[in-house]
Amino acid sequence: MSSELTTTGYIQHHLTNLTVGSGFWTWHLDTLIVSGLLGLIVFGGMALVARRATSGLPSGWQNFIEMAVSLVDKQVKDTYHGKSELVTPLAITIFIWVFVMNAMDLIPVDFLPITAGAAGVHYLKVVPTTDPNLTFAMSLSVFCIMIWMNFKVKGFGGFMHEVFSVPFGLKLAPINFLFRVIEDIAKPISLALRLFGNMYAGEMVFILIALLGVWQLPLALPWALFHILIITLQAFVFMMLTVVYMSMASESH
Amino acid sequence: MNINATLIGQAIWFAVFIWITMKFVWPPLQKAMADRQQQIADGLAAGERGQQNLELAARRSAETLREAKEKSAEVVAQAERRGQHLIEEAKIAARVEADKVVAGAKAEIEQEVQKARQVLRDRVAELAVAGAEKILRREVDASVHADMLTTLKQEL
């Protein structure tokens, strides 16, 4: 480890995943474990609280969760007018999960890697959303749900008609189709890359600040404070765009 | 930035968490929130109803109070009238009684006078006889002159 203590080495070390396997069948254990643990803790906790939820005076945790959940629900109700029971839980999952994963960014960059290093784990990329595998997994899942919802709401014929006739009418069907394909493929890519890019860049800035020696102290705090805004905003944007895509999928043009 | 099997794992995690949220988190919370909303709405409605009832009760109590006052005034007036009446009756009865007593007393006095006169008459006759006896002790025989004495007694 001591031989890696150059600037480049330090940065590269921080951006290397803990992997197992090779080729396509490489598994990023840190991403899988951190995101999975966070999700299990957060959603398990929410399920526990929700199971004991009362319609009377809500306890502290119930109140907090209700606040977060109804914030998402309000956005969904404002945007999505379909009937699907899936959209609100989907939006809640995205918002909460992305938020807690992003929030891992606020833990000082060396804290968990050094702790893990002491335990014999030499690579640990703590923030799961800086792994494009995760962001693409989410955006592609959203994409699949979107396509499925298109079929479900409009039916095969209706969906095909929309794909080939919007926006220029049936005479220009191939162009319409091409536009539609580009538009729909752009959705998951932009969704995934936006989150990945923001979090990757934010993490990079944290790493660079950590390289400044004693000057990191006055710099890390304001960047962390600013980053609270970014992690919330990115979680919100991912959720909001998902809801918008769902709403577009269930409304005829 | 390399895409690999992690993507599959993450998609599975994502699906698991959506399932948890959809099955265990959202429905109970939604139900609790909807129930609470309903309860609050019910409570507000009940409060409004209570307010209305209160106003109604206040109006009714004022009405009752007014009626009671009227009735009591009426009772007092009636009692006064009745009292007056009783006094009048008592006065008449007293006068009648007094007249009766006076008449009785007068009759008694008359009777007493008569009796006294009778007694007096007898006594005078006796005295006259006694006087005459004393005067005529020797010459007059009581039995001989009884007729004459009786006639005398009658004249007194």
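So, confidence in chain A to begin with: this is a predicted model, and chain A averages a pLDDT of 89, with 97% of its residues scoring at least 70. If you go through the elements of chain A, helix H4, residues 87–103, comes out with the highest mean pLDDT, 95. At the other end is helix H1 of chain A, residues 7–14, which has the lowest mean, 84.

Okay, on to where chain A meets chain B. How many residues does each chain bring to the contact? Chain A puts in 48 residues and chain B puts in 28. Together they bury about 3300 Å², and carbon and sulfur atoms account for 76% of that. On the chain A side, have a look at Ser55(A), Glu66(A) and Asn133(A): these three supply 17% of the area chain A buries against chain B, more than any other three residues.

Now the aromatics. Over all chains we have 17 aromatic pairs. Take Phe43(A) with Phe17(B): that pair is stacked, 5.3 Å centre to centre with 25° between the planes. Phe43(A) belongs to helix H2 of chain A, residues 29–51, and Phe17(B) to helix H1 of chain B, residues 6–136, so this pair joins two chains. Buried or exposed, these two phenylalanines, Phe43(A) and Phe17(B)? Both are buried.

Then there's Trp97(A) and Phe14(B). Why do we call them stacked? Their ring centres sit 5.9 Å apart and the planes are at 10°, so the pair counts as stacked. This one also crosses between chains, going from helix H4 of chain A over to helix H1 of chain B. Trp97(A) is buried, and Phe14(B) is too.

Between chain A and chain B the count is 1 salt bridge. Which side chains make the salt bridge? Arg36(B) and Glu66(A), at 2.7 Å, N to O.

H2(A) gives the most, with 10 residues.

Technical notes:
Residues numbered from 1 in each chain as written. Chains lettered and ligands numbered in written order. Predicted model: local features only at pLDDT ≥ 70, side-chain atom pairs only at ≥ 80, totals over all residues. Heavy atoms only, no water. pLDDT = per-residue confidence, 0-100. Helix = DSSP H or I, 4+ residues; strand = E, 2+ residues; numbered from the N terminus. Phe/Tyr/Trp six-rings, centres within 6.5 Å; stacked < 30°, edge-to-face > 60°. Buried < 20%, exposed > 50% of the residue type's maximum accessible area, 1.4 Å probe, protein only. Contact = heavy atoms within 4.5 Å. Buried area = accessible area lost by both parts, 1.4 Å probe. Salt bridge = Lys/Arg side-chain N within 4 Å of Asp/Glu carboxyl O.
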